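Here is a short briefing to read alongside the sequence and the model. Have the viewer open and follow the topics in turn.

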Amino acid sequence: MANFTPVSAAIGGALIGLAATLLMLINGRMAGVSGILASCLDFRTKDRIGSAAFLAGLILAPITGGVVGFAIPTPEMPSSWALILISGLLVGFGTRLGGGCTSGHGVCGVARLSRRSIVATSIFMMTAILVVAVSRHVFAG
Amino acid sequence: MQITVAFVCGFIFGWGLLISAMVQPAKVIGFLDIFGVWDPSLAVVMVAALAVSAGGFRYAKLRQRPILASRSIWPTRTEIDGPLVIGATLFGVGWGLVGLCPGPAIENLATLSPRVTAFVLAMAFGMVLHGLWASRRRGRVQRQIVTVLTADG
C-alpha cells in the first residue's frame, strides 16, 4: 500500500460527490460522464449544449490545475495502438449497453442504492480487476 | 444559466479527479491490481463521493423540482437484464486494459496526448455504434414500447 493517498482521495471524492449533487439539485441531471458524452453525440437531444458545457469544464480543470501547481502528468498509456483502440471501443459500447460508467453507476447509481447500478458496478470492478491480474501477472512481459 | 451550471459541475468534477489523482491511469491500475502493490485510494474516492452524493440526492429528491430545470430526470429502471450484465463486462475489460474510464479519458484530452485522443475517439465511436445498433434493434421490435434510451447515468 506504498502509494495509498487517503487524504487527497477523500477530498477529490467529496468534490466528485459535490459536482453530482449540484448537477441534480440545480439542473435535475445525473452526472454520468458516459451518458453525458453520449447525449453530446446524439443530434436528437436538446441537452447537447449542457452536456458539451459539462465536458468543457472537465477538460478545463487540469488546465487551471497546471496554473496553480496541480499539473496533470502525462498519462501512462499502453504502447500498442491496437490495444488503445480496442479498449476505447469496449468502454464506449459497453457503457452505453450497460447504461453507465464509473460515475453514472459507480457513484450516482450506488448513492441512490439502485439495484442495477450496484450489480453493474460489481461486475465492471471485478472484470477490470481480473483483466489487470491476467495482463500483469499471468502474461507479465 | 443551466449551461453555466453544467460547466461549473464539470469543472468541480474534473478537480475531484485531479486532486484524487484518479485522472491518472496508473493510479487506477494501482487500485485494480490487487495482486501487485495494491493502492486502495480509489475505494476512498468512491466512499467519499458516495457519502456526499447520497446526502445530496436525498435532499434533491425531497424538493419538488430542481432549482433551474422544470423536472429532474431520475433513472427509473430496476431490472437486471442481459444488456446491463454484458455492457458492464465489456466496459470492465476496456477499463482494465488501459485504466481509463470516460471521465478521466475526456479530462486527459487536456494533456494533448495522441494516445488519449485515440482512446477517446474510439470510445465515442463505440457509443455511436451502440446508438446505431440499438435503433436498428428498436426498429425490429416496433410498437413494443422499448425505452432503450432510459439509461442510468
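The centres of domain 1 of chain B and domain 2 of chain B, taken over C-alpha atoms, are separated by 18 Å. Please keep in mind that this is a predicted model. Chain B is split into domain 1 (1-74) and domain 2 (75-153), and 105 of its residues are in contact with 107 residues of chain A.

**The two chains one by one**

- Chain A has six helices and zero strands, and its elements run α-α-α-α-α-α from the N terminus on.
- Chain B likewise comes to six helices and zero strands, with the pattern α-α-α-α-α-α along the sequence.
- The C-alpha atoms of chain A fill a box of roughly 50 × 40 × 30 Å along the principal axes, and for chain B the box is also roughly 50 × 40 × 30 Å.
- Of the 141 residues in chain A, 55% are buried; of the 153 residues in chain B, 51% are buried.
- In chain A, 38% of the contacts with a separation of 6 or more are between residues 24 or more positions apart.
- For chain B, 44% of the contacts between residues at least 6 apart in sequence join residues at least 24 apart.

**Inside chain B: where the domains meet**

- Between the domains, 11 residues of domain 1 of chain B are in contact with 10 residues of domain 2 of chain B.
- On the domain 1 side of this contact, H1 and H2 of chain B are the elements that give two or more residues.
- H2(B) gives the most to that side, with five residues.
- By class, the domain 1 side has 10 nonpolar residues, one polar and no charged.

**Chain B against chain A**

- Six helices of chain B each supply at least two residues to the side that touches chain A: H1 (2-19), H2 (25-32), H3 (41-62), H4 (82-98), H5 (102-107) and H6 (114-140).
- The largest share of that side comes from H1(B), with 17 residues.
- The side of chain B that touches chain A divides into 72 nonpolar, 26 polar and seven charged residues.

**H1 of chain A on H1 of chain B**

- H1(A), residues 6-27, packs on H1(B) at an angle of about 165°, with the axes 7 Å apart.
- Because of that angle, H1(A) is roughly antiparallel to H1(B).
- The crossing of H1(A) past H1(B) is left-handed.
- From H1(A), the contact residues include A:Gly12, A:Gly13, A:Ile16, A:Ala19 and A:Leu23.
- From H1(B), they include B:Val5, B:Cys9, B:Phe13, B:Trp15 and B:Gly16.
- The contact of H1(A) with H1(B) has 16 nonpolar residues, six polar and no charged.

**H6 of chain A on H4 of chain B**

- H6(A) and H4(B) pack at an angle of about 35°, and their axes are 7 Å apart.
- H6(A) passes H4(B) in a right-handed crossing.
- Among the residues that make the contact are A:Arg116, A:Ile123, A:Phe124 and A:Val131 of H6(A), with B:Leu84, B:Phe91, B:Gly92 and B:Trp95 of H4(B).
- This contact of H6(A) with H4(B) has 14 nonpolar, five polar and one charged residues.

**Two mostly covered helices of chain A**

- H2(A) is mostly covered, with eight of its nine residues buried.
- Among the buried residues of H2(A) are A:Val33, A:Ile36, A:Leu37 and A:Cys40.
- These buried residues of H2(A) pack against H3 (48-67), H4 (81-98) and H5 of chain A, together with H5 and H6 of chain B.
- H5(A), residues 102-111, is mostly covered too, and nine of its 10 residues are buried.
- The buried residues of H5(A) include A:Thr102, A:His105, A:Val107 and A:Cys108.
- The partners of the buried residues of H5(A) are H1, H2 (33-41) and H6 (115-138) of chain A, together with H3 and H5 of chain B.
- Just after H5(A), A:Leu113 takes a positive phi of about 60°.

Methods:
Residues numbered from 1 in each chain as written. Chains lettered and ligands numbered in written order. Predicted model: local features only at pLDDT ≥ 70, side-chain atom pairs only at ≥ 80, totals over all residues. Contact = placed C-beta atoms within 7 Å. Helix = DSSP H or I, 4+ residues; strand = E, 2+ residues; numbered from the N terminus. Nonpolar A, V, L, I, M, F, W, Y, C, P; charged D, E, K, R; others polar. Domains from an automatic or database assignment. Buried ≥ 20, exposed ≤ 12 C-beta atoms within 10 Å, placed from the backbone. Axes fitted to C-alpha atoms, helices over the stretch in contact; angles between N-to-C directions. Parallel < 35°, antiparallel > 145°, perpendicular 65-115°, else oblique. Left-handed = near helix turned anticlockwise from the far one by under 90°.
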